[in-house]
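Visitor: I've got a model to look through. Can you walk me around it?
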Amino acid sequence: METGNHNNHTRTIKLNRLLIYFLLAFVFLFGGSFYVLTSVRVGNAIKRLHQKALEHEMQDNAALLRANLENRVSILRDQAQLPLIINSVMHPEQDPVGIKDYLTNISIFGSKPRFALLDFTGIPIAVTKTSPGLEYDSFPWLSEILEGRKKQQISLRSTAKGKYFWELAVPVEYNNNPEGVLVADFPLNQTKNFFYWDEDSARALILFQGKKQVLRYGKKLTHPVSKKVDLPELGIVMQYEIDGAAAAKLQKNLLLQLLAITAITAVLFGYI
C-alpha cells in the first residue's frame, strides 16, 4: 500500500514538473514573440519620430536661408530707391567716383558685399571690387529686370576659379520705370551665419548646385540620417543631416528595458 502511494506521489511530481516546463516554455515563447513584435513597433515609432524631427529642422533651415536672402534683397531695394543711386543711373557721367565711394561704404548685416551699379544696357557705372569680375549683360535676368518683368533676382554663381557667391539684384526705378540695376554679391561661405546652431553639433547642412556640392556646414557624421529639399527659386538643393547614432542608442536602451521586463514577467509567471 505504501509502495503504491509512493509511486503515485512520484508520478504527480513528474507531472507537475512537466507542467512547469510546459508553462515556462509557453511563457518564454509568448514573451519572445511579444518582445520581437513590440521591438519592431518601437523601432518603427522611433524612426518615424526621427524622420519628423529631421523634416521639421530641414524646413526651418530652408526658411532661414530664404528669409536671410530676402532680408538682404530688401535692404538692397531700399538703397536702389535713394536719390543718389537713381541720379547716378540717370546721369552716369556726373560723378562716377562719388557713387563708387558711397557703395564701397555700404554694410549689410555687418558684411560689405561687392556692389555693381548697371545702366539700362547692363554696362557697369560703378563696381566696388574687381573680384569676382564677372560680366552681367549675358544673363537673362538682367533683361527681365530692365523690362519690368522681374522685381528681383537671387541666384548662386561662381567665378572662373570656382568661388561661389550669392548674387542679388533689384531694379533702380525712375517714375516706376526700370532705368538700371543694383547688384550685390555675397560670398557663399557667409551662408553659415544664417543659422543658429554650432558647427560642431551633431548635424550638417549641405548645398548642391546640380550634382555638385558647393557648401557644407557642420562636421562629418558617423551615422547620418539625411533629408533633401529642392529650392528651385534659388537654383539649389539643400540636404540636412542629423546624427542617427543618438536615435539608435535610444532604441537600443528601450529594447533592452523591454527585454528585461519580458524576462522578469516570464520568470514570475512561471514561478507562480
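Visitor: Let's start in the middle of things. Which residues does tyrosine 136 touch, not counting those up to four places away in sequence?
Guide: Tyrosine 136 touches Arg114, Ala116, Leu118, Trp141, Leu142, Arg157, Glu167, Val183 and Asp185. A contact here means heavy atoms within 4.5 Å.

Visitor: What kind of model is this, and how are things counted?
Guide: This is a predicted model; local features need pLDDT of at least 70, side-chain atom pairs count only at pLDDT 80 or more, and totals for chains, interfaces and linings use all residues. Residues are numbered from 1 along each chain as its sequence is written, and side-chain values use heavy atoms, with hydrogens and water left out.

Visitor: Back to tyrosine 136. Is that residue buried or exposed?
Guide: Tyrosine 136 counts as buried because its relative accessibility is 2%. Buried means under 20% relative accessible area, exposed over 50%, and partly exposed in between, with a 1.4 Å probe and protein chains only.

Visitor: And where is tyrosine 136 in the chain?
Guide: Tyrosine 136 sits in the loop between strand 2 and helix 4 (140-146). Helices (H or I, at least four residues) and strands (E, at least two) are DSSP runs, numbered from the N terminus. The C-alpha atom of tyrosine 136 is 6.5 Å from that of glycine 122, and the two residues are 14 apart along the chain.

Visitor: Arg157 was on that contact list. Where is arginine 157 found?
Guide: Arginine 157 is in strand 3. Arginine 157 is buried too, because its relative accessible area is 7%.

Visitor: What does the side chain of arginine 157 join up with?
Guide: The side chain of glutamate 167, through a polar contact of 2.4 Å. A polar contact is a pair of N or O atoms within 3.5 Å; within protein, one must be able to donate a hydrogen and the other to accept it, and residues adjacent in sequence count only if both atoms are side-chain atoms. Glu167 also touches tyrosine 136.

Visitor: Zoom out. How many helices and strands are there?
Guide: The chain has five helices and nine strands. The pattern along the sequence is α-α-α-β-β-α-β-β-β-β-β-β-β-α.

Visitor: What's the strand order in the five-stranded sheet?
Guide: That open sheet runs 2-1-5-4-3, with antiparallel pairing. Two strands pair if DSSP finds at least two bridges between them. Its edge strands are strand 2 (124-127) and strand 3 (153-158), each pairing on one side only. Neighbouring strands are turned by 25 degrees against each other on average, direction ignored. Axes are lines fitted to C-alpha atoms, for helices over the stretch in contact, and angles run from 0 to 180 degrees between N-to-C directions.

Visitor: How many bridges join strand 4 to strand 5?
Guide: 10 bridges join strand 4 (residues 164-174) to strand 5 (residues 177-187). One of the pairs is proline 171 with valine 181 in strand 5.

Visitor: What about phi in the loop between those two strands, say at asparagine 175?
Guide: Phi of asparagine 175 is near 55 degrees, and that of asparagine 176 is near 65 degrees. Both values are positive, in residues other than glycine. Most residues other than glycine have a negative phi. Asparagine 175 counts as exposed because its relative accessibility is 60%; asparagine 176 is exposed at 68%.

Visitor: Which helix lies across the strands of that sheet?
Guide: Helix 2 (residues 83-90) lies across strand 1 (114-118), strand 2, strand 4 and strand 5. Helix 2 runs at about 80 degrees to strand 4.

Visitor: And the four-stranded sheet, what order is that?
Guide: The order is 7-6-9-8, again an open sheet with antiparallel pairing. Strand 7 (212-217) and strand 8 (224-231) each have a single partner strand, so one side of each is left without a neighbour in the sheet. Five bridges join strand 6 (residues 203-209) to strand 7.

Visitor: Last topic, packing. How many residues are in the largest nonpolar core?
Guide: That core has 47 residues, and those with the most contacts inside it include Leu65, Leu117 and Trp166. A nonpolar core is a set of buried Ala, Val, Leu, Ile, Met, Phe, Trp, Tyr and Cys residues joined through side-chain atoms within 4.5 Å. Helix 1 (residues 2-80) gives the largest share, nine residues. A second, separate core of 10 residues includes Ala116, Leu142, Val181 and Val183.
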